[in-house]
Amino acid sequence: MAWSRFIPAGAFVILVVFLGIGLTRDPSLIPTEMINRDMPAFELTELYDETQRVTDADLIGEPALVNVFGSWCVACLQEHPTLMQLNQDDTVRIVGVNWRDGRDDAIKWLQRHGDPYETIIFDGESDLAIEMGVTGAPETFILDRTGRIRFKQIGPITSDVWRETIRPVLDALAAEELTTPAPVRVESDAVVDSDVENIVLTDLDLIGARTEAVSKTLRCVVCQNQSIYDSNAPLAQDMRRLVRKRVVAGDSDEEVRDYMRYRYGDYVLMSPPLQLNTFLLWLVPLALVLVGGIWFVLRGRNAAPTVDDALTEADRNRVAAALAKAETET
Amino acid sequence: MLAEIGQIALILALFISALQAWMGLHGAHIGDRRAMVFADRGAIAQALLCILAFGLLAYAFMVSDFSVQLVTANSHTSKPMIYKFSGTWGNHEGSMLLWVMIMALFGAAMVWFGKTLPAGLRARAIGVQGLTTTGFLAFLIFSSNPFTRMSPIPENGVGLNPLLQDPGLAIHPPFLYLGYVGFSVAFSFAVAALIEGRVDAMWARWVRPWVLLAWSFLTIGIVLGSVWAYYELGWGGWWFWDPVENVSFMPWLAGTALLHSTLVAQARGSFIRWTLLLAITTFSLSLVGTFIVRSGVLTSVHAFAVDPGRGIFILALLVLATGGALFLYALRSGRIAHGAGFQLQSRESGLVLNNVLLVVSTATVFLGTFYPLVIDAMTGDKITVGPPYFERTFGPIMAVLIIFMAVAPLLKWRADNWRRIQKALLIMLALAVPTWIAVAAFGNSVLGGLGIALAVWLLTGSVFNYARKLRIGDAKSTAGNLLKRFAILPGAAHGFALAHIGLALTTIGVVSMGVWADEEVDRLKLGESISVAGYEFRLEDVRRAQGPNYISETGQVVIERNGRRIGVLNPEQRMYPVERNNTTEGAMEVGATRILYAAKGDGNLEDGWVVSVYYHPMVIWIWIGALMMAFGGLIAVADRRHAYANRKAPVPQAVAAE
């Protein structure tokens, strides 16, 4: 079987191809699940005025950049001048989502660096962020005028990014606008979790245990290989809180996982689900064991008799003599 | 000035290494003795130059020479001296220099300890070692130069990641690299043998001590990493199936298969081709590991420099080294003769099964680690593979391996019958099955009971074998000459017993932690307590203090059980102002049957502090067992029969009893 000797080399070549492709990819870039879905329903407060409510209905009517930022975010400073310029030129509507921040800190930051936002949604506890599948700041979502998410930019919008990535999308949306009728603005009748909570579970121990169990199966998307149960990252804590809320509202474990998967994709599961693209993952070890076992048994069955290797009478005599000699010496 | 000397030393080493490769390989090809001697000398010269370069870099760190860019990026004057020194390899460039130095040292060791090898084989092996060292030196000099200067010279450095300022982590890389790079020797010997086209049992005998040495060091390196993660990361995990952990585990698994394979090759002359392939694969897995950590291809807590440019360079090295070796294997392995055959029920057969299972488990870990990459490349989907996958696939394979590894050593070479060892098997069953039932009943876990029963099975099997080797129970053996027989027994036999018993102990630890570990988290005000597994932890006090380069907030936690005071723990949180980073230092109460672990989180006087407490049964045996394995490997290296193999004069033939 001369060709079988080339199997290791062949397998290696395939591996190298994948490793090479891997170099061109960034494994931390999670594609957004929310493209072409409507902006999730939400009801939060405005940054400057706690009494003023902002809902998803306020975002409909005109294309917008929804920019997730925070005063703690260093890279946000990098894109801030671009956003200020866009606001000054009145190029596009910019809505801010102030994520995981303190109100005072954010207001001070904006006073110091400028405020390019038409409205700023205060999302102190990731209520909106998780709904949108946010994994870090800065991230910018492009909404069309019907309030549908059309694009997500991960990372700062430098002038290059604006020119090469964001503006083309907005231009395409503008072209689309010419051929479709304007949306009608409706009052948001979104049912928000914080208002209407169907409390199904009341047993605190059970809630705690189930939350823990489900949290261990969900990945922290801003960490390196930790579950949201193990991680201390703020987003992980917020996600744990959300898991608890879903558990209390009566979701099954699978439903909670699906909730997260809807927003973050399969990446958010610690153990890959059994579906088409992971079928191989579970099948190969089993197949290898079977192949190995069968090869082992067949080999044993086909083992040729090895009489030529057995000890001859002369050999046995030599051994006996040597042992006897050794005995008399000790 | 010194940094420039270091730089020059590396460049010189590069040239000498290239010459060493050429002289060794070409010299052996044309039979030029002087060229081969040059290769020997070159290997030693290169080792000395690399030691010099490394020493100079370490010196730059220790005196905080901030004109060297690397020192500025990774050090600070306020660091304790020991961490200034270990900071030398706490970064990409420095650790690469450590790698290269160890590689050169192993090359020199091949010269010193290989005096009795046939000249051609040795020259070729040293030549191949020179090739790989050249590749890595080139990588070091051209893409990861540790001696780059910077100007203007800053007042102080940026500091070292607080996580790395720890004794365990300081020595973890050197041992790990001794393991990874140690396998390069087996690789070099394998490629040399393929080039020669002639391999036999003697080759296996020469290679075996090198494999054992590298394997032992790698074991220690992995244990250090695990122990460090356990006490440093604040939640008592000891293994996470993180991609970088996996890439250290895969060479270990393949290395285990390799060292068993050389056993058969040495004893029976069979398995030669398989051994060659494993030797190539094990070192290649080390190379793949280097690639992964430094190229940003996979997400991991360990990821060093995320630099695709470097990734391409290492990938090229990988293609040349592994690809070259594997193609050579495909072309030349046909010339290698088969060894003696053997029956299904024999020791060889058991070792075949060992190899099959270890290779399958390596492949499984490999698949799980690289699957996200494959899927991303093919479909763009992002999935991740976490611990649940590895536990469900690796565990069962290991269980099967343990069952057979207790039995196979009891069989004879070539051909045997299991009925001959029936009595031993029955005794082993008689101990294992009741253990299963008892543990399953008291511990409320069928799988837990099975795990412990497997460990007992392995333990008794290994003890039986050891006893048999010591001829305990034989007609002429007495307690009196037991000591003598103990001393006469070859190192490999002691090593075998230590290693297999060590694995049994590790299994007990792993199963206990997986099944019976427990934890609780709560917010405690002063005086309040939290319980886990019958132990009560009470927070009595929280204080602030100043360390050498950090501020710490330490809690005082008293442990009681059934009213009796067990101990006091001081979990702390450290804030490093220079690096603006925090670490959690968990506190442990260590015992033979369990470790009690407490970690303190954020908090204040009014609301209390978040305290996590953990009950970890038998966890310390995981590491004790693994260290026994490493120790067993080292004892096997010291087997005096290896000295025989390296003697100048052949062992006198037995006198024919005519």
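Guide: Happy to! Chain A has 10 helices and seven strands. Please keep in mind that this is a predicted model. Of the 330 residues in chain A, 45% are buried. Among its contacts with a separation of 6 or more, 70% are between residues 24 or more positions apart.

The chain is divided into domain 1 (43-177) and domain 2 (198-296). The C-alpha centres of these two domains of chain A lie 30 Å apart. Where they touch, 11 residues of domain 1 of chain A are in contact with 13 residues of domain 2 of chain A.

Let's turn to helix H7 of chain A, residues 234-248. The buried residues of H7(A) are Leu235(A), Ala236(A), Asp238(A), Met239(A), Leu242(A), Val243(A), Arg246(A), Val247(A) and Val248(A). Just after H7(A) comes Gly250(A), with a positive phi of about 100°.

Next, the cysteines. A disulfide is a covalent bond between the sulfur atoms of two cysteines. In chain A, Cys73(A) is joined to Cys76(A) by a disulfide, with an S to S distance of 2.1 Å. A search of the whole structure finds one disulfide over all chains. The torsion about the S-S bond of Cys73(A) and Cys76(A) is about 95°, so this disulfide is right-handed. Both partners are tucked away: Cys73(A) counts as buried because its relative accessibility is 4%, and Cys76(A) is buried at 1%.

Two backbone details in chain A also deserve a look. Most residues other than glycine have a negative phi, and most peptide bonds are trans. Ala137(A) and Pro138(A) are joined by a cis peptide bond, with omega about -5°. Pro138(A) is found in the loop between H4 and strand S6 (139-143) of chain A. Asn36(A), a residue other than glycine, has a positive phi near 65°. Its place is the loop between helix H1 (7-23) and strand S1 (43-46) of chain A. Asn36(A) counts as partly exposed, at 45% relative accessibility.

Now for the wider setting. The largest nonpolar core has 169 residues, and those with the most contacts inside it are Leu19(A), Trp99(B), Phe189(B), Trp203(B) and Leu276(B). Apart from that core lies another, of 42 residues, among them Leu59(A), Leu128(A), Cys220(A) and Ile228(A). Leaving aside neighbours within four places in sequence, Phe189(B) is in contact with Met110(B), Leu117(B), Leu121(B), Ala125(B), Trp203(B), Val207(B) and Trp210(B).

Chain B has its own domain assignment: domain 1 (1-163), domain 2 (166-277 + 288-304 + 343-416), domain 3 (418-516 + 622-634) and domain 4 (518-618). The centres of domain 1 of chain B and domain 4 of chain B, taken over C-alpha atoms, are separated by 43 Å.

Glu348(B) lies in helix H12 (residues 347-379) of chain B, and it counts as buried at 0% relative accessibility. Beyond neighbours within four places in sequence, Glu348(B) is in contact with Val264(B), Arg268(B), Phe271(B), Gly341(B), Phe342(B), Trp413(B) and Arg414(B). Asp416(B) is in the loop between helix H13 (387-407) and helix H14 (422-443) of chain B, and with a relative accessible area of 15% it is buried. A polar atom of the Asp416(B) side chain lies 2.8 Å from the backbone nitrogen of Lys412(B). Although Asp416(B) and Gln345(B) are 71 residues apart along the chain, their C-alpha atoms are separated by 5.4 Å.

Notes. Residues numbered from 1 in each chain as written. Chains lettered and ligands numbered in written order. Predicted model: local features only at pLDDT ≥ 70, side-chain atom pairs only at ≥ 80, totals over all residues. Heavy atoms only, no water. Core = buried A, V, L, I, M, F, W, Y, C linked by side-chain atoms within 4.5 Å. Buried < 20%, exposed > 50% of the residue type's maximum accessible area, 1.4 Å probe, protein only. Contact = heavy atoms within 4.5 Å. Domains from an automatic or database assignment. Disulfide = S-S within 2.5 Å. Helix = DSSP H or I, 4+ residues; strand = E, 2+ residues; numbered from the N terminus. Polar contact = N/O pair within 3.5 Å; in protein donor to acceptor, adjacent residues only side chain to side chain.
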